[in-house]
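Here's a quick briefing on charged pairs and a greasy spot in one protein model. Have a look at the picture first, then read on.

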Amino acid sequence: MNVLRIFYLVLFFLINKSLSSKCRTTRTGNDVFTDCHGRGFRYVPRNVPNDTTCLDLSDNELSVISNFAFFRLKYVSSLKLSSAQISVIESKAFSGLVKLTSLDLRNNTLDIHSLLENVFNSLPFLRILDLSQNNFHQYPEKVLENLSDLERLSINGINEQTFGNGFRSLSKLTYLNFHPCSITRIDNTTFDVFKNIQLTELILNCKIRYVEPGALNSFQSIERLDISRNFNNVRISYLLQILNGLMDRNVTSIDFSNNFRTIPAADVLLASQFAMIGAVCVKEVDLSHNRIISIQSGE
């Protein structure tokens with residue numbers, strides 16, 4: 001029985017060694033890109049070149065990222081682990097990635113139990129983190145508390161969950177994308193924890209049904225706002241009141257496209273509603289695909 005077990009272990013090792021040889025490494029100047037995506041790996045391959053700067057392990061079958069899985073790869077600055085069926089990341093999994101700035105973990109099966117609060121502590125230069133399209137039913141606040149230098153975050157938008165100290169700790173955050181987003185209500189206190197954060201880009205492609213006029217008051221530095229694709233949930237004529245929180249702000253673009261309800265199918269903008277756009281110093285506004293049939297004049 002032990003002999004048979006040893007045989008299967010050796011066979012498993014040889015199969016993975018064969019798969020790892022299929023990784024493709026491309027060198028351009030100081031950049032070394034190792035492409036291992038979609039190779040059927042069950043663990044991080046051992047023979048990735050030590051000088052790799054960008055590593056793509058997406059679309060594999062990793063399941064668990066074990067401690068010290070990347071220990072030799074001290075030059076990696078970008079790591080892609082999306083769609084890799086990851087459900088567990090051990091506390092020291094990223095040890096050794098001392099130059100990592102971008103980590104893509106989207107579209108796995110992670111939840112708050114998958115990420116210990118110190119899992120990213122060995123990544124002092126991490127600036128971009130994608131946790132979107134996972135199985136979070138609560139925000140991983142303890143993990144976020146240790147990411148004070150993070151600049152860009154993508155994460156699930158969770159309905160009926162508040163933003164706590166984890167988000168408050170993201171003092172250098174400039175980009176926030178909720179995807180997928182099941183948030184249905186945005187009131188005047190929803191984003192209070194962001195008051196001292198200089199966020200410039202916010203993406204809320206959610207299921208919004210209710211908003212309060214001062215909901216965006218906390219975003220003093222917003223430059224790009226995307227509140228589009230609330231299909232069948234809210235009419236644009238109602239949603240425009242959220243701009244009250246951005247009055248007299250300088251904004252580059254606002255995307256309000258695809259906000260409509262099927263019943264009633266058409267929407268009419270009152271002069272007072274349309275005037276909300278003029279109250280914001282915005283360069284570009286997208287109101288397409290909102291089933292607007294008329295904009296009333298103020299006369």
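**Salt bridges and a nonpolar patch**

D149 has a relative accessibility of 27%, so it counts as partly exposed (buried means under 20% relative accessible area, exposed over 50%, and partly exposed in between, with a 1.4 Å probe and protein chains only). Keep in mind that this is a predicted model, where local features need pLDDT of at least 70 and side-chain atom pairs count only at pLDDT 80 or more, while totals for chains, interfaces and linings use all residues. Residues are numbered from 1 along each chain as its sequence is written, and side-chain values use heavy atoms, with hydrogens and water left out.

**Salt bridges overall**

- Side chains of opposite charge can pair when their charged atoms come close.
- The model has ten salt bridges, each being a side-chain nitrogen of Lys or Arg within 4 Å of a carboxyl oxygen of Asp or Glu.
- D104, R106 and D130 are joined up in a network of these bridges.

**D149 and K172**

- The side chains of D149 and K172 form a salt bridge, at 2.9 Å from N to O.
- D149 sits in the loop between helix 2 (141–144) and strand 9 (152–157), and K172 in the loop between helix 3 (165–168) and strand 10 (175–181), so the pair ties together parts 23 residues apart in sequence. Helices (H or I, at least four residues) and strands (E, at least two) are DSSP runs, numbered from the N terminus.
- K172 is partly exposed too, with a relative accessible area of 47%.

**R27 and D51**

- R27 makes a salt bridge with D51, and their closest N and O atoms are 2.5 Å apart.
- R27 belongs to strand 1 (residues 24–28) and D51 to the loop between strand 2 (31–35) and strand 3 (54–56), so this pair ties together parts that are 24 residues apart in sequence.
- D51 is partly exposed, at 32% relative accessible area.

**R42 and E61**

- R42 and E61 meet through their side chains in a salt bridge of 3.6 Å, N to O.
- The pair links distant parts of the chain, 19 residues apart: R42 is in the loop between strand 2 and strand 3, and E61 in the loop between strand 3 and strand 4 (64–65).
- R42 is partly exposed at 47% relative accessibility, and E61 is partly exposed at 31%.

**The nonpolar patch**

- V268, L270 and I293 make a nonpolar surface patch of about 250 Å².
- L270 lies in the loop between strand 18 (267–269) and helix 5 (271–278), and is partly exposed at 37% relative accessible area.
- Patches are made of residues with over 30% relative accessible area and no salt bridge, with like charges joined within 9 Å and nonpolar side chains (Val, Leu, Ile, Met, Phe, Trp, Tyr) within 5 Å. Accessible areas come from the Shrake-Rupley method with a 1.4 Å probe, and for residues only the protein chains shown count as cover.
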